[in-house]
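Have a look at the structure first, then read on.

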Amino acid sequence: MTRLFVVIPCYNEQEVLPETASRLKKKFQDLQADGRISEDSRILLVDDGSKDETWSIIRRLHEEDPLYQGIKLAHNRGQQNAFIAGLHEATGLADCVITMDADLQDDINAMDAMLQSYENGSDIVFGVRSNRDTDSFFKKHTAQGYYRFMRMMGIELVYNHADYRLMSSRALTALGEYHEVNLFLRGIVPELGFQTDVVYYKRAERFAGESKYPLSKMLSLASEGITSFSVQPLKVISWLGIFIAFLSLAGLLYALISKWTGNAVSGWTAIVCSIWFLGGLQLLCIGVVGAYIGKIYNEVKARPRYIIEENTLEKEE
């Protein structure tokens, strides 16, 4: 039978974690009763440097039932690094791994279809939202615009897919070959290849607590995805520079003709607007180039993506 690990990053999730653990335990019991997964399957909870009682809850769950295993990161490293920490620890232990958030918005019943697809030969199964009815108007349309923009940048993402997915042991081994510090798993996993499939599900409202992804973090993740998988912004800057150079030549030609014909008129407003426009454009372009240089800076330092402070899996294995 399949040995399944479910990896869940947790950051200040004390309000929702007990309910999440309870529902997942019931799902595991049902899958085991149906002969779908083995008795040594595990729920791996990754504490991403929480400041509340999240780790205490994970420790208590583990002491009460070995079904629950925990990893405590030494400090907060972000959701993507928490995912990769759990995936790396599960590599070599699990036949397949499902990643999901702790807030119960992802439908745990979709695991049945994911496992079925895995049994049919799929190495990667993407959980995809069937609709965005639970999103606000702003979030819904900005998300759709983001996917379209990513396609324009030449980045292929699975539409309406976040981080709810199944990966086989073979896919996990391949993922381990990616050592980059600037992580964007939504772009890396589709790039792995192998046989893939899609399972659709309806995303629910958050069960309890507050969202750990405010607008600032969503914008940061969007920027991470663009600059990690595409150099298109740099190409846009180059073409923009060429375009402005031609405009400058045209402006110079117009000024010379005006002077020769005696129609030169002092244009203070035009000059000031041009200076402000070109100055702002230059700062924007420097900022984009700086973002790429910053990524190179982070990569060449080769610092660890995370540090594990405690790991209950060490006691079991």
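Strand 4 (residues 96-99) and strand 6 run antiparallel, joined by four bridges. Pairing here asks for at least two bridges found by DSSP between two strands. Within this pairing, R165 of strand 6 sits opposite T99. Strand 6 also pairs with strand 5 (residues 124-129), again in the antiparallel sense and over four bridges. There, L166 of strand 6 is the bridge partner of V125.

As for naming, strands are DSSP runs of E with at least two residues, helices are runs of H or I with at least four, and both are numbered from the N terminus. Residue numbers start from 1 along each chain as its sequence is written. The model being predicted, local features need pLDDT of at least 70 and side-chain atom pairs count only at pLDDT 80 or more, while totals for chains, interfaces and linings use all residues, and side-chain values use heavy atoms, with hydrogens and water left out.

So how enclosed is strand 6 (residues 161-168) by the rest of the structure? Largely, because seven of its eight residues are buried. Buried means under 20% relative accessible area, exposed means over 50%, and partly exposed is in between (1.4 Å probe, protein chains only).

Rings of Phe, Tyr and Trp (its six-membered ring) pair if their centres lie within 6.5 Å, with planes under 30 degrees apart called stacked, over 60 edge-to-face and the rest tilted. That rule gives a count of one aromatic pair. It's Y164 with Y201: the ring centres are 5.2 Å apart and the planes are at 85°, so the pair is edge-to-face. Y164 belongs to strand 6 and Y201 to strand 7 (residues 196-201), so the pair ties together parts 37 residues apart in sequence. Both tyrosines, Y164 and Y201, are buried.

Next stop, R36, in the loop between helix 1 (17-33) and strand 2 (42-47). R36 is buried, at 17% relative accessible area. Its side chain makes these polar contacts (N or O atoms within 3.5 Å; within protein, one able to donate a hydrogen and the other to accept it, and sequence neighbours counting only if both atoms are side-chain atoms):

| Partner of the R36 side chain | Distance |
|---|---|
| E119, side chain | 3.2 Å |

Leaving aside residues up to four places away in sequence, R36 touches M1, T2, L31, D112, L115, Q116 and E119, where contact means heavy atoms within 4.5 Å.

Last, G78 lies in the loop between strand 3 (68-73) and helix 3 (79-90). G78 is partly exposed, at 23% relative accessibility. Its C-alpha is 9.4 Å from that of Y306, although G78 and Y306 are 228 residues apart in sequence.
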